[in-house]
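My plan is to look at the whole chain, then at a few places within it.

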Amino acid sequence: MRMKQAIRSIDAFPRAEDHLLQKTQSGALVSVVGLVIMSLLFLHELRYYLTTYTVHQMSVDLKRGETLPIHINMTFPSLPCDVLSVDAIDMSGKHEVDLDTNIWKLRLNSDGHIIGTEYLSDLVEKEHAEHKDGNKDEHEDSDQKFQFFDQAAENMIKKVKQAIAHGEGCRVYGVLDVQRVAGNFHISVHGLNIYVAQMIFEGSSHVNISHIIHDLSFGPKYPGIHNPLDGTERILHGTSGTFKYYIKIVPTEYRYISKEVLPTNQFSVTEYFSPMKDSDRTWPAVYFLYDLSPITVTIREERHSFLHFITRLCAVLGGTFALTGMLDRWMFRLVEALTKPKARSAYR
Ligand SMILES: *[C@@H]1O[C@H](CO)[C@@H](O)[C@H](O)[C@H]1NC(C)=O
Ligand SMILES: *[C@@H]1O[C@H](CO)[C@@H](O)[C@H](O)[C@H]1NC(C)=O
């Protein structure tokens, strides 16, 4: 007997007496509201558990001897492909164009539709030989002047002038694989013989170096990356000059929740434009000068633990249950207090 009593006393859910178990309308209302709140909170908790969040970590960059991929895709709406060249030089003074380097040029008509394509890799190599002295604009001796005014040059000048008159543009895109050291690459008319360029443009201030950068990145994209130069438009009216983009590359490693690792790079950029003066002997160009940060960022995707989710779920659901129970009792008492006296008076 005492044993039974003792066991009963542990019961956490004592049976209520029958008159306390009446179902009331106010109780139903509170129950429905409670259920709605519970399901809302449950969905919220579930979403909280299912969505990943990212943790950023910084450390010193220990990678060595890898290459840096430069993805580029930009349009020059007012320069024909024949005059444009891409040149990349790194800090060692070496021209780094590997076999992996693929740069293409697309001819665009004045409406921006593609009308032809051209592969650029050879051009870059050829051009570099001319630029090794770093004195990019005076690489021709005057006695070479006459040698260049042969039939081929005449034809080329005619062709380019026609293209400019038709409003032809050029899209340059592809991937440059360079050494992981500071360096620069530029897109310009430097590939042209200076006299040919003079014949075509009649002065460097007439080179319309307006450009639109569709994509400039240093590796694959991960969720949430922001490449600050994407969508940049620089349209010049009645002036020309040299654009310089100073780029700081931050090596980044993105670790997916599936343990997959994506090595890539973020970057920050500042921009400088120097307008052309009549006395200048340089030709307009778009420079990208990049440097590597010694600090690397690791971004890790994480998810809240399942036990944590269950704990929160119990707290939320149990809490709501207790709260609605309390509300229900109060409502019941309130309704009782409001109706009973009347009922009593009616009976009397
Ligand atoms: C370059 O950008 C243009 C404009 O956004 C796009 O249509 C084109 O597909 C891109 N080219 C490459 C190779 O990504
Ligand atoms: C340069 O080209 C852009 C784009 O085609 C055009 O809007 C602008 O008027 C041109 N500037 C000059 C000086 O011709």
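**Whole chain.** I began with contacts between residues at least 6 apart in sequence. In the protein chain, 83% of these join residues at least 24 apart. I then looked up the secondary structure and found seven helices and 13 strands. The chain has 348 residues, and 23% of them count as buried.

**Confidence.** I noted that this is a predicted model. The mean pLDDT of the protein chain is 81. I also see that 82% of the residues reach 70 or more. Where pLDDT is low, the predicted coordinates should not be read in detail. I leave that stretch there.

**A helix pair.** Next I went to helix H5, residues 151-165. I counted 15 residues in H5. From its first C-alpha to its last, H5 reaches 21 Å, close to the 21 Å expected at 1.5 Å a residue. Just after H5, I found Gly167 with a positive phi of about 75°.

How does H5 pack with helix H6, and at what angle? H6 covers residues 194-201, and the two helices pack at about 35°. Their axes are 9 Å apart. H5 passes H6 in a right-handed crossing. From H5, I listed Ala153, Met156, Ile157, Val160 and Lys161 in the contact. From H6, the contact takes Val196, Met199 and Ile200. An α-helix has 3.6 residues a turn, so residues three or four places apart point the same way. By class, I have seven nonpolar residues, no polar and one charged in the contact of H5 with H6.

**Two loop residues.** I turned to Trp283, which sits in the loop between strand E11 (261-275) and strand E12 (285-292). Is Trp283 buried or exposed? Trp283 counts as buried, because it has 23 C-beta neighbours inside 10 Å, and the cut-off is 20 or more. I also checked Trp283 against Gly203, 80 residues apart along the chain. Their C-alpha atoms are separated by 8.8 Å.

My last stop was Lys259, in the loop between strand E10 (241-255) and E11. Lys259 is not a glycine, yet it has a positive phi of about 75°. Why does Lys259 count as exposed? Lys259 is exposed because 7 other C-beta atoms lie within 10 Å, and the limit for exposed is 12 or fewer.

Notes:
Residues are numbered from 1 along each chain as its sequence is written. Chains are lettered from A and ligands numbered from 1 in the order in which they are written. This is a predicted model: local features need pLDDT of at least 70, side-chain atom pairs count only at pLDDT 80 or more; totals for chains, interfaces and linings use all residues. pLDDT is the predictor's confidence in each residue, from 0 to 100. Helices (H or I, at least four residues) and strands (E, at least two) are DSSP runs, numbered from the N terminus. Two residues are in contact if their C-beta atoms, placed from the backbone, lie within 7 Å. Axes are lines fitted to C-alpha atoms, for helices over the stretch in contact, and angles run from 0 to 180 degrees between N-to-C directions. A crossing is left-handed if the near helix is turned anticlockwise from the far one by less than a right angle, and right-handed if clockwise. Ala, Val, Leu, Ile, Met, Phe, Trp, Tyr, Cys and Pro count as nonpolar, Asp, Glu, Lys and Arg as charged, and the others, Gly among them, as polar. The expected span of a helix is 1.5 Å times one less than its number of residues.
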